[in-house]
Amino acid sequence: AGFSTQLLHGPELDDVPQKGIWLIVSSTHGAGELPDNLIPFYDAINESQPDLSAVRFGAVGIGNHEYDLFCGAIRNIDALLIARGAQRIGDRLEIDVLEHEIPEDPAEEWVAGWKTLI
């Protein structure tokens, strides 16, 4: 679509420009916990409390609705980024693995609409 992107799997906060557009994608583990690769990133933002007002972001989570904290990881990341001043672009996507045999299908549909909001 003509966008320049960089993929970061388990980024360190210092590796991520604190401006521009972020697309955060996270699964949920256990009782709503973040996956291991995102814990240091989340903790760094939570502890250092950077000003993220120059960040706009999209949020995509994947989980299982049979758990009480369905998509808890992406909900926590979303709330933290907003608390630090970031602005979410569009709605957060929460994919239920029990409803979507191929979770990439709803993600592809969502991102097609999301990129028009950028």
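This is a predicted model: local features need pLDDT of at least 70, side-chain atom pairs count only at pLDDT 80 or more; totals for chains, interfaces and linings use all residues.
Colleague: How much space lies in the largest pocket?

Modeller: A pocket is an open set of grid points, whereas a cavity is one the probe cannot get out of. The space in the largest pocket comes to about 1300 Å³.

Colleague: How many cavities of 30 Å³ or more does a search of the whole structure find, and what is the volume of the largest?

Modeller: The search of the whole structure finds 1 cavity of 30 Å³ or more. The largest cavity has a volume of about 30 Å³.

Colleague: Which elements give two or more residues to the lining of the largest cavity?

Modeller: The cavity is lined by F41, Y42, I45, I77, L80 and L81. These divide into 6 nonpolar, no polar and no charged residues. The elements giving two or more of them are α1 and α2.

Colleague: Which elements do the buried residues of α2 pack against?

Modeller: Helix α2 covers residues 72-83 and reaches 16 Å from its first C-alpha to its last, close to the 16 Å expected at 1.5 Å a residue. With buried set at under 20% relative accessible area, the buried residues of α2 are G72, A73, I74, I77, D78, L80 and L81. They pack against β1, α1 (39-48), β2, β3 (87-88) and β4.

Colleague: Is A31 buried or exposed?

Modeller: A31 lies in the loop between β1 and α1. Its relative accessible area is 51%. The cut-off for exposed is over 50%, so A31 counts as exposed.

Colleague: How far apart in space are A31 and G85, C-alpha to C-alpha?

Modeller: G85 follows α2 and has a positive phi, near 100°. In sequence, A31 and G85 are 54 residues apart. In space, C-alpha to C-alpha, the distance between A31 and G85 is 27 Å.

Notes:
Residues are numbered from 1 along each chain as its sequence is written. Side-chain values use heavy atoms; hydrogens and water are left out. On a 1 Å grid over the protein atoms alone, a cavity is a set of points where a 1.4 Å probe fits but cannot get out, and a pocket is an open set with protein on both sides within 12 Å along at least five of seven lines; lining residues have an atom within 4 Å of a point. Grid points are joined across faces, edges and corners, and a volume is the space filled by probe spheres set on the points. Helices (H or I, at least four residues) and strands (E, at least two) are DSSP runs, numbered from the N terminus. The expected span of a helix is 1.5 Å times one less than its number of residues. Buried means under 20% relative accessible area, exposed over 50%, partly exposed in between (1.4 Å probe, protein chains only). Contact means heavy atoms within 4.5 Å. Ala, Val, Leu, Ile, Met, Phe, Trp, Tyr, Cys and Pro count as nonpolar, Asp, Glu, Lys and Arg as charged, and the others, Gly among them, as polar.
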